[in-house]
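Hi,

Here is the structure I promised to pass on.

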Amino acid sequence: MADTQQVDARAERTVSRLAHRIGAFAKAHGGAEGQVAHIGERGARIVLVGEDGGWGDLVAPTYAIAEQAVAKSGITVHESFDGEFAAKVTTGPYEWKRMAGIQLGG
């Protein structure tokens, strides 16, 4: 029984830490929306897009923890990273240069 409580406490701390980071991102970018995606054994990726077009991501150890964190943060969550949601992302010279480098083998 003690092991379950310890795991739950650890998970709750992780949820709180992620929710805090999501909230900080939202505050810095005038609000935020997100999407949660499985990344296999590593857990889940929380993609964040700010109202100003800035973007970032966080990795949670499980999909359930990621879902709890976005729910606790209060941001809008999308089912997929579809065209309308993706269009909110602002890319700059760095991203375009990096994408070109990947295409060219750099």
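**What I found**

Let me start with Glu33, which is buried, with a relative accessible area of 10% (buried means under 20% relative accessible area, exposed over 50%, and partly exposed in between, using a 1.4 Å probe and protein chains only). Before going on, please note that this is a predicted model, where local features need pLDDT of at least 70 and side-chain atom pairs count only at pLDDT 80 or more, while totals for chains, interfaces and linings use all residues. Residues are numbered from 1 along each chain as its sequence is written, and side-chain values use heavy atoms, with hydrogens and water left out.

Back to Glu33: its side chain meets that of Lys88 in a salt bridge, at 2.6 Å from N to O (the term covers a side-chain nitrogen of Lys or Arg within 4 Å of a carboxyl oxygen of Asp or Glu). This pair links distant parts of the chain, 55 residues apart: Glu33 sits in strand β1 (residues 32-38), and Lys88 in the loop between α3 (83-86) and α4 (93-103). Helices (H or I, at least four residues) and strands (E, at least two) are DSSP runs, numbered from the N terminus.

How many salt bridges does the structure hold? There are 3. Another one joins Asp57 to Arg45, with the closest N and O atoms 2.7 Å apart. Asp57 belongs to strand β3 (residues 55-60) and Arg45 to strand β2 (residues 44-50), so the pair ties together parts that are 12 residues apart in sequence. Both are partly exposed: Asp57 has a relative accessible area of 37%, and Arg45 one of 32%.

Then there is the bridge between Lys72 and Glu12, at 3.3 Å from N to O. Lys72 lies in helix α2 and Glu12 in helix α1 (residues 2-28), so this bridge ties together parts 60 residues apart in sequence. Lys72 is partly exposed at 48%, and so is Glu12 at 39%.

What else does Lys72 touch, leaving aside its neighbours within four places in sequence? Besides Glu12, Lys72 is in contact with Val15, Ser16 and Ala19 (contact means heavy atoms within 4.5 Å). The C-alpha atoms of Lys72 and Ser16 are separated by 7.8 Å, although the two residues are 56 apart along the chain.

Now for helix α2 itself (residues 63-73): its buried residues are Ile65, Ala66, Ala69 and Val70. Seen down the axis of α2, they fall within an arc of 130 degrees, so they line one face of the helix; the arc is that of the directions from the helix axis to the C-beta atoms. Ile65 is also in contact with Thr14, a residue of helix α1 that counts as buried at 11% relative accessibility.

Not counting residues up to four places away in sequence, Leu48 touches Ile22, Phe25, Trp55, Leu58 and Ile75, among others, including Glu33.

Cheers
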